[in-house]
Amino acid sequence: MLEIKNLHAVVEGEDIEILKGVDLTINKGEIHAIMGPNGSGKSTLSKVVAGHPEYEVTKGEILFEGEDITELDADERAHLGLFLAFQYPVEVPGITNKTLLRESYNTIARSNGKEELDPLEFEDYLKSKLEIIDMKDSFLERSINTGFSGGEKKKNEVFQMAVLNPKLAFMDETDSGLDIDALKIVADGINKIAGGENAIVLVTHYQRLLNYVKPDYVHVMIDGKFVKSGDRKLALELEDQGYDWLENKTMVNGEAQ
Amino acid sequence: MSIAVKEKETILEFLEAKFDPSEVEVISSINEKGIRNVNDFAFPTKKDEEWRFTDLRSISRNHFVPVDQAGAKDVGDISQYYLPEALNSRLVFVNGVFDAKRSDISSLSDNITIGRLSEQGDNEAVKEHLDAYTNYDEDKDAFAALNDAHFRDGAFIHIPEETKTESPIHILNIFTDADKAFYATPRVLFVGEKYSKATIVEEHIGLADNEYLNVPVSEYKLFEGAHVHHARIQRDSKKASHVSRPIANLEQHAEYHSYTICLGAKLFRNDPRVVQNAEEVDFTVDALVLIDGEQIADTHSIMDHRRAHANSHQLHKVVVNDNAHSIFNGKIFVARDAQKIDSFQENRNLLLSVDGKVNTKPQLEIFADDVLCSHGATIGQLSDDEVFYLQSRGLTEQKSRELLVYAFTLESIESMEVESVHKLLLDEVIKYTNRDEEFVAVG
């Protein structure tokens, strides 16, 4: 479904390379976890895949269902079925969740030649998804993320994902800052959406979320590259030993080069 | 070598003066004073503190004639501009001249007086209140002087004690196309007696893309406990110059809420002033400015607290695109004995282009020691992160920007009491943000 080949990226207009040759293949139905210390480039990778204009791909390619999407705008990628759950969801006072989601849903439907939903149909559809994140109807009428608690913002990302039903979602630190109740709700939500045709990438610093959402693959990113991949056991190893042993190894390699 | 001393310029340099005092005595005495002042008061320059940032060339490079010499075109059908809520409570002025055929005040109750100033010469309220609360002579205000010298007519609204208008009153100033640039001096006198209540929509609309100079003066007097909701909508021609002088004078327990919307004109200079004349009043001086192209929108407001106990608010929201230029100077005055004032001023600017310009200056002059006055000014752009967030949800970049601008303006628009005005402004915001591209309606 997604194939990233030797991806290099810089901040637009700057020389500092943040991604230094990333390779990743994700198939239908899989759950991947990308872990790594702060500043390793894992958030950047999610933004680059989603098409943030702040970053420039200098080398390599991103193939989504066989199509090179490296040059596409963020909205075009969304139309193809990509989704990014933001680490810091943006507040938009004055526009309700419902308004945005209807606009999003119908725009994506239109671009895929599918039928749009009228306001009444859409309202029913939205309400059917609310239980996934355990929120009340009034949540729909609130301005996007405005005055939301940290937990509500993260739940809203999961809710948007449920409504838009993307083929592939990158979830950038969706677990950070959540208390235990909120973490369980968010994890349950992800589990309900995951599986079948969808693939999910969890980008996280800690393995806490991975107790509830079981990844098929775990990749460790350090200094803009994956240094180790494995299954769920790798996450537990990291929990025990931290990232130092991997970082040291890369330093040794670095010196060796 | 000799040094030429240039005499000061007056506004008369830029227009064909034709000031014959009115036959109505209460008006003619103001006309005569105005004629003296207009010859005496200097036309402002950038050396004047109050005009430092304002480019007045749309006036000073022009020559305006009286409207009867301008070859003004016929007004035609303007029913699309009538507010459905005010179909029978509307006064229409075309190029500053009253239009009886298009006005309709049949829905107002008998004891409310509404009509032409020129027909109310014997009305005690007109004699008492017309030109009674302005400070324009002390300020040596050349524009107010022009209005004083030239106006022959205007709108007069008098709401008696304990009376409320059932429908909003629409004062519709229409400006037509013309062969030559002309000037007009609309005037409004509103008197709300004790515990009266009214909603007024004052609107200026240019039908074509022509140059004219629009210099309105509006005077609002609110007696004890009077409530007024005052919407002012400026949709002049994009080549017009509009210099506005609205003033409100409030007695005890009066509530005055004003909302100015600036969409049109090449140059819009607006100097709203609210004077608190007795204790315990409540007032608002909000504005929403949407400008682009080469437009200049300049607001110099005064919230003048002279007595104790007032709540006053000012939310001045501005969106600037292209080369447009917004200027804001918000004065909050609190006199020495005016304790317990709660006043808040906020100026928020959204810059959509690299070449747009914003000057903002809060100016608080407080001589009392037990007051709560605060102000804030922000100038920002749509952030990449906001746009990216919406784009990542499938909205195009253009649509994302539209939605964010729309969200920015919404707070101001929601203050509008009259439903059709609310709707009109939403359409205007959509038009402003949309420009050439197809728009898909939101919500």
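Colleague: What kind of model is it?
Modeller: It is a predicted model.

Colleague: Start with chain A. What is its mean pLDDT?
Modeller: The mean pLDDT of chain A is 90. Of its residues, 96% reach 70 or more.

Colleague: Where in chain A does pLDDT stay under 50?
Modeller: Over residues 252-257 of chain A. The model has zero contacts beyond four places in sequence for that stretch. Where pLDDT is low, the predicted coordinates should not be read in detail.

Colleague: Noted. On to the interface. How many residues of chain A are in contact with chain B?
Modeller: 24 residues of chain A, against 19 residues of chain B.

Colleague: Which element of chain A gives the most to that side?
Modeller: α3(A), with six residues. Elements that each supply at least two residues are α2 (74-80), β7 (92-96) and α3 (97-111) of chain A.

Colleague: And how does the side of chain A that touches chain B split by class?
Modeller: It has twelve nonpolar, eight polar and four charged residues.

Colleague: Back to α3(A). At what angle does it pack with α6(A)?
Modeller: About 35 degrees, with the axes 10 Å apart. Helix α6 of chain A covers residues 150-164. The crossing of α3(A) and α6(A) is right-handed.

Colleague: Which residues make that contact?
Modeller: From α3(A), they are Asn97(A), Leu101(A), Ser104(A), Tyr105(A) and Ile108(A). From α6(A), they are Asn156(A), Gln160(A), Val163(A) and Leu164(A). By class, the contact of α3(A) with α6(A) has five nonpolar, four polar and no charged residues.

Colleague: Switching to chain B. How is it divided into domains?
Modeller: Domain 1 of chain B spans 11-271, and domain 2 spans 384-443. Their centres are 31 Å apart, taken over C-alpha atoms.

Colleague: How many residues does each domain put into the contact?
Modeller: Domain 1 of chain B gives eleven and domain 2 of chain B gives nine. On the domain 1 side, β9 (197-206), β12 (227-235) and β14 (255-262) of chain B each supply at least two residues. That side of domain 1 of chain B has eight nonpolar residues, two polar and one charged.

Colleague: What sheet do those strands sit in?
Modeller: An open one of ten strands with mixed pairing. The order in chain B is β3-β2-β6-β9-β12-β14-β17-β19-β21-β23.

Colleague: Which strands are at the edges?
Modeller: β3 (97-98) and β23 (372-380) of chain B, each pairing on one side only.

Colleague: Are β14(B) and β17(B) parallel or antiparallel?
Modeller: Parallel, over eight bridges. Strand β17 of chain B covers residues 281-291. Tyr259(B) stands opposite Asp286(B) in β17(B).

Colleague: What does α6(B) lie across?
Modeller: α6(B) lies across β17, β19 (310-320) and β21 (341-351) of chain B. The helix runs at about 150 degrees to β19(B).

Colleague: Last one. How does α5(B) pack with α6(B)?
Modeller: Helix α5 (residues 384-391) and helix α6 (residues 397-413) of chain B pack at about 120 degrees, axes 9 Å apart. α5(B) passes α6(B) in a right-handed crossing. Residues in the contact include Val387(B) and Leu390(B) of α5(B), and Leu403(B) and Leu404(B) of α6(B). The contact of α5(B) with α6(B) divides into four nonpolar, two polar and three charged residues.

Definitions and conventions:
Residues are numbered from 1 along each chain as its sequence is written. Chains are lettered from A and ligands numbered from 1 in the order in which they are written. This is a predicted model: local features need pLDDT of at least 70, side-chain atom pairs count only at pLDDT 80 or more; totals for chains, interfaces and linings use all residues. Domain bounds come from an automatic or database domain assignment. Two residues are in contact if their C-beta atoms, placed from the backbone, lie within 7 Å. Helices (H or I, at least four residues) and strands (E, at least two) are DSSP runs, numbered from the N terminus. Ala, Val, Leu, Ile, Met, Phe, Trp, Tyr, Cys and Pro count as nonpolar, Asp, Glu, Lys and Arg as charged, and the others, Gly among them, as polar. Axes are lines fitted to C-alpha atoms, for helices over the stretch in contact, and angles run from 0 to 180 degrees between N-to-C directions. A crossing is left-handed if the near helix is turned anticlockwise from the far one by less than a right angle, and right-handed if clockwise. Two strands pair if DSSP finds at least two bridges between them. pLDDT is the predictor's confidence in each residue, from 0 to 100.
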